[in-house]
Amino acid sequence: MEKKWYICGVKITSCVMSSGKIVQFICVTVLWIFLCYLLIQGRGVTGMTVFTIVISGLIVYIPLYKKYIRNKKE
C-alpha cells in the first residue's frame with residue numbers, strides 16, 4: 001500500500017525521505033527562520049524586508065522541492 005501525502009493541495013505518493021534528509025531539511029528551515037528573524041529585528045517590517053524574505057524562501061525551498069519531492073513522484 002502506497003503512502004499518500006498532501007502538501008499544499010498537491011498529492012504526493014510514495015514520498016519517502018530518509019531520516020538524514022529530513023534532519024537536513026529541518027536544519028535548513030531553522031536556519032532560514034533564524035536569519036529572517038535577524039533581518040526583521042535589524043530592519044523592521046517594511047515592504048523591502050517582506051520582499052527579501054519571500055524571495056529568499058523561494059531560493060531556498062524550490063530547489064529542495066525539485067530534488068526531494070518532485071523527482072520522487074516521477
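The accessible surface of the chain in this predicted model comes to about 6,000 Å² (Shrake-Rupley method, 1.4 Å probe), and carbon and sulfur atoms account for 70% of that surface. Of the 74 residues in the chain, 14% are buried, where buried means under 20% relative accessible area, exposed over 50%, and partly exposed in between.

The chain has 2 helices and 2 strands, taken as DSSP runs (helices H or I, at least four residues; strands E, at least two) and numbered from the N terminus. From the N terminus on, the order of these elements is β-β-α-α. Among contacts (heavy atoms within 4.5 Å) between residues at least 6 apart in sequence, 52% join residues at least 24 apart.

A nonpolar patch on the surface is formed by Ile-40, Val-45, Met-48, Val-50, Phe-51, Val-54, Ile-55, Leu-58, Ile-59 and Ile-62, with about 930 Å² of accessible area together. Residues in such a patch have over 30% relative accessible area and no salt bridge, and their nonpolar side chains are joined within 5 Å; a salt bridge is a side-chain nitrogen of Lys or Arg within 4 Å of a carboxyl oxygen of Asp or Glu. Helix 2 (residues 47-73) gives the most to the patch, with 8 residues.

Val-45 lies in the loop between helix 1 (19-43) and helix 2 and counts as exposed because its relative accessibility is 66%. Thr-49, in helix 2, counts as buried because its relative accessibility is 5%. Leaving aside residues up to four places away in sequence, Thr-49 touches Leu-39, Ile-40, Arg-43 and Gly-44.

Residues are numbered from 1 along each chain as its sequence is written, and side-chain values use heavy atoms, with hydrogens and water left out. Local features need pLDDT of at least 70 and side-chain atom pairs count only at pLDDT 80 or more, while totals for chains, interfaces and linings use all residues.

How values were computed
Patch = residues over 30% accessible without salt bridge, like charges linked within 9 Å, V, L, I, M, F, W, Y side chains within 5 Å. Buried < 20%, exposed > 50% of the residue type's maximum accessible area, 1.4 Å probe, protein only.
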